Each structure stands twice: as C-alpha cells, then as structure tokens.
Amino acid sequence: MFAIFGLLPASPGIDQEFGAPVEICANSGMLAGKHCEETRMESLPEYLENTEICKYHQLLALNEAETHRVNSSCYKVADIHHKAWFVLPPVQAWYYQQYNPGFNRLPPYMEVCEGATSKQIMQLIYPRKYARIKIPLEQDGSRGRTIFEAAHQNANAMLYWHLDNNYVGLTVGTHQLGISAEKGLHTITLIDNMGNEVKQRFEVVE
C-alpha cells in the first residue's frame, strides 16, 4: 500500500471532477431524457457515460384540470393538456413516495375513454412471486394471519382479494390484508374496481 502511495504525485487532486459532465435526471438519476424537467450536471467516468436514458418520464395527455388522462375518443383534442410526468411502476412508486411526499401518482384515465388501460396498474408488494412464507401461530396455538400488501397506481382504487378463488376481503387506499392459509401452494388474486387483475403463486411452508 505504501509503495502505491509513493507513486502518487504530492497533490493527486482527488477532489477534482473526473469524466465528462453530462445532464442527469434529478428524479431517476439516469441520463436526462427529453421529458425530464428537473436535471443537474454530473461528471461521470467514461464507462458510465453511455448509461440508459431516463425511461420514467412520459408525456401524458390530460384533461384541463390535469386530474385524469384522456385521449381523442373521450376528450376534445384542442382541450387536451400535454404534461411531462414522472411515472414509476406501482411497487416502485409505493416505496418512492415514502421518502418523497411531493411525488404525484399517475392520474387514472377517464372511465369513458376507449382503450384506456395501463400496462401495469397494480402489483403485489408481499408476497413476491413464488415466495415461501410462514403463517404465525397465536398464543392459544391457533393459526394466525400474515399481512399481504399491494400497490395500485390509483390512490382511490378498491381491491378485491381472493385466495384460491375464494373471496377474502376488500381494501381501499392502503392495500394491506391479513390472510391465513394452510401449508402448501396457493394463488392470490387481486381484482380492482375497474376489472384489472393480477395473480401470484406462493407457498406456505408451515
């Protein structure tokens, strides 16, 4: 180690910037794309200069109040507002919002808009796909419940929960539900009030 330090100049200048300055998206930390409104300049080493352009900022078509997404099937084209929006998948948005209170969720589509569906409108936070989980026992020895949790792009969405095709509960806003299941493989199914559906397999190990 001392031999290496001996090869360095007396003033190595380690506080100096390295690499070429590039424009970075302030929200995602990726290279700024054309829809990134908040950016900053960062000096990156050459091997990072070709990193991916920000894919989380999208140009949305909104109504005049900017409360809903719209398209030409349900809204007058001349009245559509186009606005750059920071869009994260449901689970990432759930975590990001915990530390960024000013984060604005993706607005829902107007119900009358044709073909207006989101590719990924909700996700399970827990359990993950093919997770192996344990159901706790209560003090009296009876089988307890494990808290399942989901994230939805629409803050006001209602989720209907089903375990192995049996209805087990409804959540609104905060999507957490205590669920008990016997040992073995199971399927949890979530259906929102717009008919969107997500399914996930998991295993109870004891």
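A residue is called buried when its relative accessible area is under 20%, exposed when that area is over 50%, and partly exposed in between, with a 1.4 Å probe and protein chains only. By that definition, buried residues make up 37% of the 206 residues in the protein. The model is a predicted one, in which local features need pLDDT of at least 70 and side-chain atom pairs count only at pLDDT 80 or more, while totals for chains, interfaces and linings use all residues. Residues are numbered from 1 along each chain as its sequence is written, and side-chain values use heavy atoms, with hydrogens and water left out.

Helices (H or I, at least four residues) and strands (E, at least two) are DSSP runs numbered from the N terminus. The protein has two helices and twelve strands, arranged along the sequence as α-β-β-β-β-α-β-β-β-β-β-β-β-β. Where contact means heavy atoms within 4.5 Å, 51% of the contacts between residues at least 6 apart in sequence join residues at least 24 apart.

Trp85 lies in strand E4, which spans residues 81-86, and counts as buried because its relative accessibility is 10%. Leaving aside neighbours within four places in sequence, Trp85 is in contact with several residues, among them Tyr56, His57, Leu60, Asn104 and Pro107. Although Trp85 and Tyr56 are 29 residues apart in sequence, their C-alpha atoms are 8.1 Å apart in space. A polar atom of the Trp85 side chain also lies 3.4 Å from the backbone oxygen of Arg105.

Rings of Phe, Tyr and Trp (its six-membered ring) pair if their centres lie within 6.5 Å, and planes under 30 degrees apart count as stacked, over 60 as edge-to-face and the rest as tilted. By this rule there are seven aromatic pairs, including the two in the table.

| Aromatic pair | Centre to centre | Angle between planes | Class |
|---|---|---|---|
| Phe86 and Phe103 | 6.1 Å | 90° | edge-to-face |
| Trp94 and Tyr95 | 4.8 Å | 90° | edge-to-face |

The pair of Phe86 and Phe103 links distant parts of the chain, since Phe86 is in strand E4 and Phe103, 17 residues apart from it, is in the loop between helix H2 (90-99) and strand E5 (122-126). Phe86 counts as buried at 11% relative accessibility, and Phe103 is buried with a relative accessible area of 9%. Trp94, by contrast, is partly exposed at 23%, and Tyr95 is partly exposed at 40%. Tyr56, Phe86, Tyr96 and Phe103 form one aromatic cluster.

Note on methods
Polar contact = N/O pair within 3.5 Å; in protein donor to acceptor, adjacent residues only side chain to side chain.
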